[in-house]
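Please look through the sequence and the model below before reading on. The paragraphs that follow go from the helices to the aromatic residues, then to the annotated sites and the backbone.

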Amino acid sequence: MRKDHSTKLHILKSLSNGEFHSGEALGEALNVSRAAIAKHIKGLSEWGIDIYRVQGRGYQLASPLQLLDEALLTASAESLVELVPVINSTNQYLLDRVAESEKGRVCIAEYQAQGRGRRGRQWISPFGSNLYLSMYWRLDAGMAAAMGLSLVIGIAAVEALEEMGIQGVKLKWPNDLYYQDKKLAGILVEMSGQAGGAAHLVIGMGLNIGMPDEQPEIDQPWTTLNQVNESLVIDRNVLATTLIKHWNSALIEYELKGLTSFVERWNRLDNFLNRQGKLLIGPREVHGVVRGIDHQGGILLETSQGLETYIGGEISLRKSD
């Protein structure tokens, strides 16, 4: 059973206008005591939300907060879009509902308690700061046809950002969005299915928009859309619907044509193209110059042995020291 967070969410909606609100006024509006309001305010801090408390004035958000709006998210959607404000994981939500889902079903959250990235890593997911979005897709051609899918999703995501006027975002093989060598977003594709049958895919992305600066749990350079373009006000509802549109279009194209039509689009956006890099394959390191991807989605490295292709779920790319 999903935990009821309605009171906390109502408090946030009241505070989202940036004004001070007294505990008494919030309590009257929600028919709860001032003590209950104080308890809920404390709970909101566990979601990564900073709230000021000033004697005689009440509570105020430390920074403005634009909440996601399910009506706006679903207005132009061609398939089911669900806003679940507080969730363990958007990917897991859809994985648990594969049997009842239509192709293109989307789950979006404001906060993930157990957001996850590739290779079991945690994805830091404070409330309302970023975009956490997952989509279900069925590939009738089977699991083998899913090779390279994270590349397609990354391309579609960057092209969606470009449509919104956000330039300069690049791709890191196989599943990250980068800006000036800092991680902006991560993509996680999870798959189930039987040999000879359809592949059931859940495609998730965490995209940093306005994440607070202090994130000691993150062990690599990262950035946000607000830092990419400080003059552009990011409407998260518009961003989400634009991403969904581009993902749908790219996945349909991928089903019809495979990866072929995406290779040049990837190479245009490859953050490491023609740069020295190293692949980490378990304990092994392979050094070379990155030369883009091949038509199966493998990364091309020019090494001392010539041009070599590498592909596989346990490969990571890091710049050479």
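Helices (H or I, at least four residues) and strands (E, at least two) are DSSP runs, numbered from the N terminus. The model is predicted, and local features need pLDDT of at least 70, side-chain atom pairs count only at pLDDT 80 or more, and totals for chains, interfaces and linings use all residues. Residues are numbered from 1 along each chain as its sequence is written, and side-chain values use heavy atoms, with hydrogens and water left out.

Asn-31 lies in the loop between α2 and α3. Its phi is near 60°, a positive value in a residue that is not glycine. Most residues other than glycine have a negative phi, and most peptide bonds are trans. Asn-31 has a relative accessibility of 72%, so it counts as exposed.

Contact, here and below, means heavy atoms within 4.5 Å.

For residues 23–42, UniProt lists "DNA-binding region" in an unreviewed entry. UniProt positions are given in the numbering used here, feature names are shortened, and annotations may be inferred rather than shown by experiment. The span is 85% helix and 0% strand, and its end C-alpha atoms lie 13 Å apart. Ala-38 is placed in helix α3 and is partly exposed, with a relative accessible area of 35%. Between Ala-38 and Gly-23 there are 7.3 Å in space, C-alpha to C-alpha, and the two are 15 residues apart in sequence.

How many aromatic pairs does the structure hold? There are 3 aromatic pairs. Rings of Phe, Tyr and Trp (its six-membered ring) pair if their centres lie within 6.5 Å; planes under 30 degrees apart count as stacked, over 60 as edge-to-face and the rest as tilted. The rings of Trp-47 and Phe-127 have centres 5.2 Å apart and planes at 10°, so this pair is stacked. Trp-47 lies in the loop between α3 (34–45) and β1 (51–54), and Phe-127 in the loop between β6 (111–112) and β7 (130–139), so the pair ties together parts that are 80 residues apart in sequence. Trp-47 is buried at a relative accessible area of 7%, and Phe-127 is buried at 2%. Together with Tyr-111, Trp-47 and Phe-127 form one aromatic cluster.

A charge sits over a ring if NZ of Lys or CZ of Arg is within 6 Å of the ring centre and within 35 degrees of the ring normal. The charged end of Arg-97 sits over the ring of Tyr-93, 3.7 Å from its centre. For Arg-275 over the ring of Phe-272, the distance to the centre is 5.5 Å.

An unreviewed UniProt entry also gives a "binding site", whose positions include Ser-89, Asn-91, Gln-112 and Lys-183. Ser-89 lies in the loop between β4 (86–87) and α5 (90–95) and is buried, at 4% relative accessibility. Its side chain reaches the backbone nitrogen of Asn-91 at 3.3 Å.

Pro-174 lies in the loop between β8 (170–172) and β9 (176–179). Asp-181 is found in the loop between β9 and β10 (182–193); its phi is positive, about 65°, although it is not a glycine. Asp-181 counts as partly exposed at 25% relative accessibility. Leaving aside neighbours within four places in sequence, Asn-271 is in contact with Asp-181, and also with Lys-170, Leu-171 and Tyr-178. Asn-271 sits in the loop between α9 (263–269) and β12 (276–281) and is buried, at 10% relative accessibility.

Definitions and conventions: Buried < 20%, exposed > 50% of the residue type's maximum accessible area, 1.4 Å probe, protein only. Polar contact = N/O pair within 3.5 Å; in protein donor to acceptor, adjacent residues only side chain to side chain.
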